[in-house]
Amino acid sequence: MTPDDSTVPPSPPSDALAPDAKAAPQARNPLHGLTLEAILTQLVAAYGWEGLGQRINIRCFTSDPSIASSLKFLRKTPWAREKVESLFLFMQREQRRGRL
C-alpha cells in the first residue's frame, strides 16, 4: 500500500513555521530601525562637532564637519561607522543612567 498524494497533508510554508523567525535577530538590536543620519544627528546634538571629534578622531568630524560629508564617509568606512554606533549606544546608556 502506497500513500496517495491526497492523504498526505501539504507542508506549511516556511513563513508559517516561525512567524517571528525573521524578526528575532533584530528583536534586541537597539540600532534596529535607526538610520545612520538619525544616529549622527543625535550625537551632534549631544556632543557638538568639537566634542564628537574629540571622542572619535576622524577628519570628517574635525575639519569643516557637516552631516552630509560625514554620512558619505561613514557609509564607505565600516570601522568608522562601528565607532559612531558604539558611541551612540554609550550615549544612550549614559542618558538612561542620568549621567548625560
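## Contact between H2 and H5

Leu36, Ile39, Gln42, Leu43, Ala46, Tyr47, Leu52 and Arg55 of helix H2 meet Arg81, Val84, Leu87, Phe88, Phe90 and Met91 of helix H5. Sorted by class, the residues of this contact are 11 nonpolar, 1 polar and 2 charged. The structure in which this contact is found is a predicted model.

The axes of H2 and H5 lie 10 Å apart and the two helices pack at an angle of about 90°, which means that H2 is roughly perpendicular to H5. Leucine 43, one of the H2 residues that meet H5, is in contact with Gly48, Leu52, Val84, Leu87, Phe88 and Met91 when its neighbours within four places in sequence are left aside.

## Overall fold and confidence

The chain contains 5 helices and 0 strands, and its pattern along the sequence reads α-α-α-α-α. Of the contacts in the chain with a separation of 6 or more, 51% are accounted for by residues 24 or more positions apart. Buried residues make up 26% of the 100 residues in the chain.

The mean pLDDT of the chain is 83, with 74% of its residues reaching 70 or more. Among the elements of the chain, the lowest mean pLDDT, 49, belongs to helix H1 (residues 14-17), whereas the highest, 96, belongs to H4.

## The largest nonpolar core

The largest nonpolar core has 20 residues, of which Leu40, Leu43, Leu52, Phe61, Leu74 and Val84 touch the most other members. Two or more residues are given to this core by each of helix H2 (36-55), helix H3 (59-62), H4 and H5, and the largest share, 8 residues, comes from H2.

## Contact between H4 and H5

Helix H4 (residues 67-76) and helix H5 (residues 78-97) have axes 5 Å apart and pack at an angle of about 115°. Because angles of 65 to 115 degrees count as roughly perpendicular, H4 is described as roughly perpendicular to H5.

Phenylalanine 73, which is found in helix H4, is partly exposed, with a relative accessible area of 29%. The C-alpha atoms of phenylalanine 73 and arginine 59, which stand 14 residues apart along the chain, are separated by 9.7 Å.

## The loop between H3 and H4

Aspartate 64 is placed in the loop between H3 and H4. Although aspartate 64 is not a glycine, its phi is positive, at about 50°. With a relative accessibility of 70%, aspartate 64 counts as exposed, because the exposed class begins over 50%.

Definitions and conventions:
Residues are numbered from 1 along each chain as its sequence is written. This is a predicted model: local features need pLDDT of at least 70, side-chain atom pairs count only at pLDDT 80 or more; totals for chains, interfaces and linings use all residues. Side-chain values use heavy atoms; hydrogens and water are left out. Axes are lines fitted to C-alpha atoms, for helices over the stretch in contact, and angles run from 0 to 180 degrees between N-to-C directions. Helices (H or I, at least four residues) and strands (E, at least two) are DSSP runs, numbered from the N terminus. Angles under 35 degrees count as roughly parallel, over 145 as roughly antiparallel, 65 to 115 as roughly perpendicular and the rest as oblique. pLDDT is the predictor's confidence in each residue, from 0 to 100. A nonpolar core is a set of buried Ala, Val, Leu, Ile, Met, Phe, Trp, Tyr and Cys residues joined through side-chain atoms within 4.5 Å. Buried means under 20% relative accessible area, exposed over 50%, partly exposed in between (1.4 Å probe, protein chains only). Contact means heavy atoms within 4.5 Å. Ala, Val, Leu, Ile, Met, Phe, Trp, Tyr, Cys and Pro count as nonpolar, Asp, Glu, Lys and Arg as charged, and the others, Gly among them, as polar.
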